[in-house]
Amino acid sequence: MPEADEVDEEEEMPLSLRLSIADTLTLGNATCGFMAVYFTTTGILIPHLTGSEETGMARHSAATAVILMLCAAVFDLFDGLVARKLRSSPMGAELDNLSDLISFGLAPAYFVLVYGMVANDAHQRVAAVGAIVVLLAVVLRLARFSCVTVPNGMFQGMPSPFGALTVVSIVLLELPFVATLLAILGTAWLMVSRVEYPKPRGRLAVAMLAWIVVSMGLLAAWAFDAPSGQLLLQTGCALQLVMGAVIPLFATARRVNNFRDNRREARAAQLP
């Protein structure tokens with residue numbers, strides 16, 4: 001009997017290790033996050049440490065790193081859609097959390113850390129604290145997401161992909177250091193807060209995908225020093241911040257309207 005059990009375990013084990021299409025997309029997410037760290041290091045940090053003045057290379061590398069985070073967000077969007085339509089392996093949820101930690105936790109936190117080292121008015125140690133706060137916010141958010149059941153169609157707290165893109169948008173706006181740090185800390189707080197954000201499904205998923213494509217275009221225009229490229233990029237970054245603040249208001253307004261409708265129905269039911 002023990003030998004039969006061992007044979008059964010050996011036959012069943014490979015089934016849990018087979019990757020589905022959704023899992024492959026999730027691994028693409030992790031790869032993009034890692035490559036974002038790579039380009040941030042080789043194109044921004046190392047030239048700064050070696051005294052290189054190639055600002056064009058730094059701009060290209062920064063744009064490439066952020067575009068890779070945007071690509072990671074696309075993979076993260078589609079792996080959930082594919083998993084619901086087809087199937088996901090037993091490792092799907094764990095792979096998704098680990099990949100999100102790399103792409104939307106480590107990559108933007110490292111981006112903030114490098115910003116603190118290369119920006120003229122930045123304070124390296126204070127920026128390092130901000131980077132740690134971003135990383136820990138994503139860790140706590142992902143852990144809570146795995147343990148807490150939230151209303152269908154809603155996220156509790158700013159989703160980590162949206163939070164990561166908001167963090168890098170704050171850095172790219174080139175605001176004064178104190179304002180940049182406060183905005184980054186505010187974004188980290190939103191990720192671990194109880195503020196509700198709608199899940200990207202249906203039209204919202206299409207709108208999110210369109211916004212990602214537009215953002216990639218703005219980054220490319222900025223990287224290649226197109227006319228008004230800097231202005232276009234700053235406009236896009238400002239819109240990202242505005243959306244991060246405004247989107248929860250729609251969810252709150254919907255909850256208030258639902259509450260009022262329920263009260264009206266309850267009162268109507270009590271009338272003779």
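On a 1 Å grid over the protein atoms alone, a pocket is an open set of points with protein on both sides within 12 Å along at least five of seven lines, a cavity is a set where a 1.4 Å probe fits but cannot get out, and lining residues have an atom within 4 Å of a point. The model examined here is predicted, so local features need pLDDT of at least 70 and side-chain atom pairs count only at pLDDT 80 or more, while totals for chains, interfaces and linings use all residues. Residues are numbered from 1 along each chain as its sequence is written, and side-chain values use heavy atoms, with hydrogens and water left out.

The largest pocket holds about 1,000 Å³ of space, a volume being the space filled by probe spheres set on grid points that are joined across faces, edges and corners. Its lining comprises 40 residues, and Asp76, Leu77, Phe155, Lys199 and Pro200 lie nearest the pocket centre. Two or more lining residues come from each of α2, α3 (55-85), α4, α5 (124-147), α6 (160-172), β2 (196-198), α8 (203-223) and α9 (229-270); helices (H or I, at least four residues) and strands (E, at least two) are DSSP runs numbered from the N terminus. The largest share, 8 residues, is supplied by α3. By class, the pocket lining has 23 nonpolar, 8 polar and 9 charged residues, where Ala, Val, Leu, Ile, Met, Phe, Trp, Tyr, Cys and Pro count as nonpolar, Asp, Glu, Lys and Arg as charged, and the others, Gly among them, as polar.

The largest cavity has about 140 Å³ of space, and among its 14 lining residues Val66, Ser169, Ser215, Leu219 and Cys237 are closest to the centre. At least two residues of this lining come from each of α3, α6, α8 and α9. The cavity lining divides into 10 nonpolar and 4 polar residues, with no charged ones.

Helix packing comes next. Helix α2 (residues 21-49) meets helix α4 (residues 92-118) at about 15 degrees, with axes 9 Å apart; axes are lines fitted to C-alpha atoms, for helices over the stretch in contact, and angles run from 0 to 180 degrees between N-to-C directions. The two helices, α2 and α4, are therefore roughly parallel (angles under 35 degrees; over 145 is roughly antiparallel, 65 to 115 roughly perpendicular and the rest oblique). The contact of α2 with α4 involves 19 nonpolar, 9 polar and 3 charged residues. An angle of about 15 degrees also describes α5 and helix α7 (residues 177-192), whose axes are 8 Å apart, which makes α5 roughly parallel to α7.
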